[in-house]
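User: I am new to this structure and would like to understand its charged side chains. Please take me through them step by step.

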Amino acid sequence: LVWRFTERAFGPGPALWALAAFNLMAWSIGSTALIQTDVPSTVGLLLVFYLLLGVERSSASSLRSATGIGAALGAAVAMKYPAAIGLVAIVIVAVHSWRRGAASPARCALFLGVSIVAGALTFIVFVPGAVTDYELFELALRYESTKATDSYVPLLRVWRSLVYNLPPWVLATTAIGLVVWIRRPKSVTFTAGLICMALYFAIMRPGFKPDYAIMFTPWAAALSGLGLWSLGRTWRADGPRSVARAVLPALAVLVVVAGHGYSGWVVVQRYAGDTRYRFQHWVEENIPPGPIGYGPYPGLQFDWSAPREPIGWEFVSVYEKPKWIVLAERHYQALVRFMDDPTLFPQHSSSVPGARRLLGLTEQDFQFYEDLLLGERRDFRYELVEELLPLDVPLDKTGKPVLFYRRLDVEPMPLEPRLPSALMDR
C-alpha cells in the first residue's frame, strides 16, 4: 500500500525509495507482531488517501469510490478513533472537485453522504457495541479520550517518541522530500493528508507516545522516497560519475545496516521489558506449579491484556485464598481511580458505604483490594513480596506494574505492611 500510494502521488521512482525508507522504520516493524490498533488504523487511513488520489484525478462523482473510501475510513476509526480526521480530507477533495468543475454541488454532496454512511456502517460492523450497548461504548470512549489528554508529555519526550518511529536518517530525507514537494505542483489530496496529520498531532499532543507516531510513518516514507529520488537525479546530472559510483553504494549499505540493526534493537526492547513477559519468568523462578489467585477486575479492559499464567500454573479466584495472589495494575487502576473520585463513572457505579459497586466489582471486591493495596488486612492477610515495575526503556507499552502477594501463615503479623510504590502517597 505504501508503494501504491507513493506511486500514485509521485511516480514509481519515489515509490521504490519510499519502500526502502519504510523498511528502516523500526517501530512499525516491531508493532506488527503485537495487538496494536495504531497499525491497522494507519493502514486504513492510508487506503482512504490512496483512493482519494484517484478521485482527485477524476471527480467526486463515483459512488463506488465513495463507498470504498467510507468503508476504509470506518475501519480505520474502529481501530483508532482519532483516525476520524480523515473526514476532513474527504471534504477537501470533494469541494476541490466541485471548484474545478469536475462534479456538480449535488453530486459532491451525494459523494460525501455515501462516504459518511458507508463509514458509519463499517464502524458498527467492527464496533457493534456502539449500537447494542451505547452506554458502555460511551464510557469506553471517555476512557480512551482521557488517555490522550489526562497527562501532558514534555516536548523532549515528544521528540523521542517521534525519533523512535522516524530515526534521524528518515527524518533527514523526509525534510528534503518536504522541500521538494513544496517546490513542485501540489496534490490536493497530499496537502489534505498533511493537514490531517497536523490535526492528529494537535489532538494527541498532550499524552503523545511512540505508538501515536506510527500514523506518520507512511507519509514520512513517501516524502523520503521523493527526497531520495530527487537527490539521486541531481547527483546523476551534476555530480562526478566516478564519485557517485563509489560513494552512493557505500552510503546505501551503511544506511541499510544501521537501519536494520536499529530495527532489531527496538524489536528486542519491545519484548524484553514488558512486565507481562517478566511476570511469567518470575512465576517460573519463584512459585511452585499450582494455583495463583488473580485479582477481580471491573471489565473495562479485555482479558488478553492481562498477564498469562505459564503452563503448569492456574489462575484461581482470590476468595479461595491461595498461597500466592497476583495483582495487575491494568486491571485494578479503574477501581483506584474510582476510589479517588467516586463521580468518575456515575452510570456504572455506586459509592454507597457497604454497597459500593463499579461495573462487575462489588463491595467484597473493594474490601479485598483495600486489604492488599492499602494494607488493611481485615480478611486477607498477605504481604507484598515483589513489584514488577515498567523499565526505563524506549517502549510504548512497558506493561503496567504487577504485584505479587504471599499469604501470611505466621504470627504475630508484621506491624507495618509494605505498600505498592505507586500508592505510597495515598
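User: Which residue forms a salt bridge with Arg356 at 2.9 Å between the closest N and O atoms?

Analyst: The model is a predicted one. A salt bridge requires a side-chain nitrogen of Lys or Arg within 4 Å of a carboxyl oxygen of Asp or Glu. Arg356 meets this cut-off, its closest N and O atoms in the pair being 2.9 Å apart, and the partner is Glu363.

User: Is Glu363 buried or exposed?

Analyst: Buried means under 20% relative accessible area. Glu363 has 14% relative accessibility and therefore counts as buried.

User: How many residues apart in sequence are the parts tied together by the pair of Glu370 and Arg356?

Analyst: Glu370 forms a salt bridge with Arg356, with 2.8 Å between the closest N and O atoms. Glu370 belongs to helix H17 (residues 363-373), while Arg356 sits in the loop between strand E4 (349-350) and strand E5 (357-358). The pair therefore ties together parts whose separation in sequence is 14 residues.

User: Is Arg378, which forms a salt bridge with Glu370, buried, partly exposed or exposed?

Analyst: The closest N and O atoms of Arg378 and Glu370 are 2.8 Å apart. Glu370 is buried, at 8% relative accessibility. Arg378, at 46% relative accessibility, counts as partly exposed.

User: How many salt bridges does the structure hold?

Analyst: The pair of Arg356 and Glu363 is one of the salt bridges. For the structure, the number of salt bridges is 9.

Note on methods. Residues numbered from 1 in each chain as written. Predicted model: local features only at pLDDT ≥ 70, side-chain atom pairs only at ≥ 80, totals over all residues. Heavy atoms only, no water. Buried < 20%, exposed > 50% of the residue type's maximum accessible area, 1.4 Å probe, protein only. Helix = DSSP H or I, 4+ residues; strand = E, 2+ residues; numbered from the N terminus.
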